[in-house]
Amino acid sequence: QEYFRGHDDDVLQIAVHPSRDKVASSQIASFAHRSPPIYVWDVASKNILSTLQGFHRRKVTLLSFNSSGQFLVSVGGDERHSVCVFDWKKRTTIFSANGHLDDVYHICHNPLDPLEFTQVGNKHVKFWQYRDEEGRIGGMRQTKNMSREWRQAEPQVVACVTYSREGFPIIGLEDGHIFFYG
């Protein structure tokens, strides 16, 4: 058995690169790393290919590579659940924004559009697109005041998200319902 030993505190998230030969992993902040690092490393050699650090505070709770593997999205454990999109090879931030005040539970990239992902969590669904350096964002929050034709469920925990074969988001709600967009 082999181990990646780059972290110095609790590992909170792992994302596998689409090529399956690289992994990104994140941790909580530590005495040595006040800004929690994200490491992208080679599965075979365990060598660190990239260290992404300086944006998040406290911890990094979610990671997701896009379908091309060029970009890595992270969600932080701060009070705004900040979202950051990195070009991990260049070690640069493509864009960053506040994720949501409520907890974020899952993020998933659209397999047909490498520049789009969906974020879900406590009483919210948020759609993101990053088309240029400014990052285009689109979002929707479940609310009790939504128009009748759009209101499908009372606000609740949105636990998970995936995409259909056609590239449409599918979300799972805490009451057991599956909600299809498209």
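Before I start, a word I need: a residue is buried when its relative accessible area is under 20%. I also note that this is a predicted model.

**Entry one: strand β7.** I looked up residues 83-87, which make up strand β7, and found five of its five residues buried. I then asked myself which residues lie on each side of β7. Val83, Val85 and Asp87 are on one side, Cys84 and Phe86 are on the other, and both faces are covered. In a regular strand, I reminded myself, side chains alternate between the two faces of the sheet.

**Entry two: the partners of β7.** I checked strand β6 (residues 71-76) and saw that it pairs with β7 in the antiparallel sense over five bridges. Here Val73 stands opposite Val85. Six residues separate β6 and β7 in a hairpin, and His81 in that turn has a positive phi of about 45°. Next I looked at strand β8 (residues 92-97), also antiparallel to β7, with five bridges. Cys84 faces Ser96 in this pair, standing opposite it.

I found Glu116 in strand β10 (residues 116-121). Is Glu116 buried or exposed? Its relative accessibility is 15%, so Glu116 counts as buried. I listed its contacts beyond four places in sequence, among them His109, Trp128, Tyr130 and Tyr163. Gln129 is on that list too, and the side chains of Glu116 and Gln129 make a polar contact at 3.2 Å.

How values were computed:
Residues numbered from 1 in each chain as written. Predicted model: local features only at pLDDT ≥ 70, side-chain atom pairs only at ≥ 80, totals over all residues. Heavy atoms only, no water. Helix = DSSP H or I, 4+ residues; strand = E, 2+ residues; numbered from the N terminus. Buried < 20%, exposed > 50% of the residue type's maximum accessible area, 1.4 Å probe, protein only. Polar contact = N/O pair within 3.5 Å; in protein donor to acceptor, adjacent residues only side chain to side chain. Contact = heavy atoms within 4.5 Å. Pairing = 2+ DSSP bridges.
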